[in-house]
Amino acid sequence: MSKKTVKICLFACGVMVLTFIGYQLFNQYKPELVQLAHHQISKQALLHSVREHNLQAAVLLVILTALMSAFPGLPTSVICVFIGLCYGSFVGSVLNIIGNTAGNLLALTLLNKLEFLDEKTRENHWVKAISRMRHPRLGLMVAYMIPIIPSFLVNFTANKLRIKISHLCLVMFLGVMPSSILYALSGNSLFNGFNKRAVILWACVISFIVLIYFIHKDTRKKLAAE
């Protein structure tokens, strides 16, 4: 089976599963959406109603997060913020961490078994930069923390480096933790208004991303000069 056929099959299966989960979640939250659309519910009543949903909704949201995290280009952050809105900072963070970690493990499994990415991915500057680090596991963990680095590139690099899955689980868990907590805090703050912790965390993340960008840019110049 060609890589193109594999990609089409994966895309088709992914769309079907995501559509099914989306439909189930729509049915779960339909009463709140209807009331919100007709302005028939207060903010506090809406918050209480949204957070009264059962375990099934939480499981569906975790699965949705995992699938969206596993496939490139999907806005996982939107779902993670929604989870924070529905379940609060602490529970929302836990659900986000589980979903994002599971999604990266799924992506890594697909890469390992199917190898559906193009060979040109090996020449990506992020893949090269992480692969050449003295401590690649630390590089992978930092890469998982940075939203501007596509997770499929990080997973591709992890697969390329052949790191033990037991070590990668810890790397992924620690790597996705900051953004998962940040999204949960952001979602929770949508109902609670100004949240100093969320603002501070966002400021730290942005500063961290800017720092990594300049370090990476400098490293690329040095490699080009060599």
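User: Why does Thr101 count as buried?

Analyst: Its relative accessibility is 11%. Buried means under 20% relative accessible area, exposed over 50%, and partly exposed in between (1.4 Å probe, protein chains only). Thr101 at 11% is therefore buried. The residue belongs to helix 4, residues 76-114. This is a predicted model, in which local features need pLDDT of at least 70, side-chain atom pairs count only at pLDDT 80 or more, and totals for chains, interfaces and linings use all residues. Residues are numbered from 1 along each chain as its sequence is written, and side-chain values use heavy atoms, with hydrogens and water left out.

User: Which residues is Thr101 in contact with, leaving aside neighbours within four places in sequence?

Analyst: Met172, Phe173 and Val176. Contact means heavy atoms within 4.5 Å.

User: What makes Asn104 buried?

Analyst: Its relative accessibility is 2%. That is under the 20% limit, so the label holds. Asn104 is also in helix 4. Beyond its neighbours within four places in sequence, Asn104 touches Ser69, Tyr144, Ser151, Asn155, Met172 and Val176.

User: Why is the pair of Tyr29 and Phe82 called edge-to-face?

Analyst: The structure holds one aromatic pair. Its rings, Tyr29 and Phe82, are 5.3 Å apart centre to centre, with 75° between the planes. Rings of Phe, Tyr and Trp (its six-membered ring) pair if their centres lie within 6.5 Å; planes under 30 degrees apart are stacked, over 60 edge-to-face, the rest tilted. Both values pass, so the pair is edge-to-face.

User: What does that pair tie together?

Analyst: Tyr29 lies in helix 1 (residues 3-37) and Phe82 in helix 4, so the pair ties together parts 53 residues apart in sequence.

User: What makes the nonpolar surface patch?

Analyst: Phe90, Val91, Val94 and Ile98 make it, with about 380 Å². Ile98 lies in helix 4. At 45% relative accessibility, Ile98 counts as partly exposed. Patch members need over 30% relative accessible area and no salt bridge, so Ile98 clears the area limit.

User: Which residues of helix 7 are buried?

Analyst: In helix 7 (residues 151-161) they are Leu153, Val154, Asn155, Phe156, Thr157, Ala158 and Asn159. Just after this helix, Arg162 takes a positive phi of about 55°.

User: Where is confidence lowest and highest?

Analyst: pLDDT is the predictor's confidence in each residue, from 0 to 100. Helix 9 (residues 196-225) is lowest, at a mean of 61. Helix 3 (residues 55-70) is highest, at 90. The chain's mean is 78, and 76% of its residues reach 70 or more.

Methods:
Helices (H or I, at least four residues) and strands (E, at least two) are DSSP runs, numbered from the N terminus. Patches are made of residues with over 30% relative accessible area and no salt bridge: like charges are joined within 9 Å, nonpolar side chains (Val, Leu, Ile, Met, Phe, Trp, Tyr) within 5 Å. Accessible areas come from the Shrake-Rupley method with a 1.4 Å probe; for residues, only the protein chains shown count as cover. A salt bridge is a side-chain nitrogen of Lys or Arg within 4 Å of a carboxyl oxygen of Asp or Glu.
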